[in-house]
Amino acid sequence: MSDYTTLYTGEDDHGPLLVMEDKEVRLLSFGDNDEQSKLLKSALHVPMHTYLQAMLLVLLFIKPKRVIVLGLGGGGLIHALRNFDRGINITAVELREAVIEVAKRYFWLPLGKKLNLIHQDANEFLSEANHKKADVIFADIYHGDGVDEQQLSETFIANAAALLKSEGYLVLNCWKEHSRNTALLAQLEQHFGDVRACLTGGGNWVVLAGKQARQISASALKAEAQQLSQQLDFPLSRSLTRFEPWES
């Protein structure tokens, strides 16, 4: 990352935080050779990472009015959702208060009444079970060493399912090796009627789990993806070709 200019360096109880940029992009990093978030400065709403593009495939199945984002980072997902529909109520839950402050200061978060930022552990947030139910929960909880394993636990999935509306979706950002995690699949199948996944070119395993079973043809998905791509301002075709039911 020697080609980048460092804008900010800091550290909290969970480790370092760095903000860097070049002429085109701005990065949030939690350590050496780590990219937690990457924003295109000329188009903040266009996801630079393929896993974020894959997570937005959920918009093929549901047009949410209320979403919960677990793991804020630099707010790339929030920018994309706000561009898609400015009326979506977004609650973003972030463990590290320093990350929230950095995101607000350096990553142009679209602050306002429709965005609620909460400084709390995501597992504690879910376990409280006293929040308004959401249409979609996006779980993207990572630290410098990778995915937070609690995100894959039976308790986490059960609590997330309980916080979703009857036709809601849980979207999990995992690693490629989790595609072989049959225990995770079994846990998801206990609470969700439709479980699909996408292996991204960046090595992420993005899971979309819907409360209700859905029957939709490949041709219908392709047609929907073409229209959605125009709304999101980036092509979904690459993610869609890797997207399929996750079955044991």
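This text walks through the structure, from the whole chain down to single residues.

The model is predicted, so local features need pLDDT of at least 70 and side-chain atom pairs count only at pLDDT 80 or more, while totals for chains, interfaces and linings use all residues. Residues are numbered from 1 along each chain as its sequence is written, and side-chain values use heavy atoms, with hydrogens and water left out.

Start with the whole chain. The protein chain has eight helices and 14 strands. Both are DSSP runs, numbered from the N terminus: helices are H or I with at least four residues, and strands are E with at least two. The radius of gyration is 17 Å, close to the 18 Å that the globule rule gives for 248 residues, so the chain is as compact as a globular protein of that length. That radius is taken over C-alpha atoms, and the rule is 2.2 Å times the number of residues to the power 0.38. Along the principal axes, the C-alpha atoms fill a box of roughly 50 × 40 × 35 Å.

How much of the chain is buried? Buried residues make up 54% of the 248 residues. Here, buried means under 20% relative accessible area, exposed means over 50%, and partly exposed is in between (1.4 Å probe, protein chains only). The chain exposes about 11,700 Å², and carbon and sulfur atoms supply 44% of that area. Such areas come from the Shrake-Rupley method with a 1.4 Å probe; for residues, only the protein chains shown count as cover.

Now look at contacts, meaning heavy atoms within 4.5 Å. Residues 24 or more positions apart account for 65% of them.

Charges come next. The chain has 25 positive and 31 negative charges, and their mean positions are 10 Å apart. Lys and Arg count as positive, Asp and Glu as negative; His and the chain ends are not counted. Each charge is placed at NZ of Lys, CZ of Arg, CG of Asp or CD of Glu.

Next, go inside. A nonpolar core is a set of buried Ala, Val, Leu, Ile, Met, Phe, Trp, Tyr and Cys residues joined through side-chain atoms within 4.5 Å. Which residues have the most contacts inside the largest core? They are V58 and F138, in a core of 45 residues. Helix α2 (residues 76–84) gives the most to this core, with five residues.

Leaving aside neighbours within four places in sequence, F138 is in contact with M55, V58, V67, I68, V69, L70, L77, L81 and V171. Helix α2 is mostly covered, with eight of its nine residues buried. Those buried residues are G76, L77, I78, H79, A80, L81, R82 and F84.

Turn to the loops. H49 lies between β4 and α1 (50–55). Is H49 buried or exposed? H49 is buried, because its relative accessible area is 14%. Setting aside neighbours within four places, H49 is in contact with E35, S37 and K38.

N33 sits in the loop between β3 (25–29) and β4 (37–40). N33 is exposed, with a relative accessible area of 69%. Its phi is positive, about 55 degrees, although N33 is not a glycine. D233 also has a positive phi, of about 75 degrees, and is not a glycine. D233 is in the loop between α7 and α8 (237–241). At 48% relative accessibility, D233 counts as partly exposed.

A213 lies between β13 (204–210) and α7, and at 55% relative accessibility it counts as exposed. A213 and F192 are 21 residues apart along the chain, yet their C-alpha atoms are separated by 7.8 Å. Not counting residues up to four places away, A213 touches G193 and D194. Q150 lies between β10 (146–147) and α5 (154–162). Q150 is partly exposed, at 40% relative accessible area. Beyond four places in sequence, Q150 is in contact with N123 and F156. The C-alpha atoms of Q150 and N123, 27 residues apart along the chain, are separated by 7.7 Å.

Finish with a helix residue. A220 lies in helix α7 (residues 218–232). A220 is partly exposed, with a relative accessible area of 29%. A220 and E24 are 196 residues apart in sequence and 35 Å apart in space, C-alpha to C-alpha.
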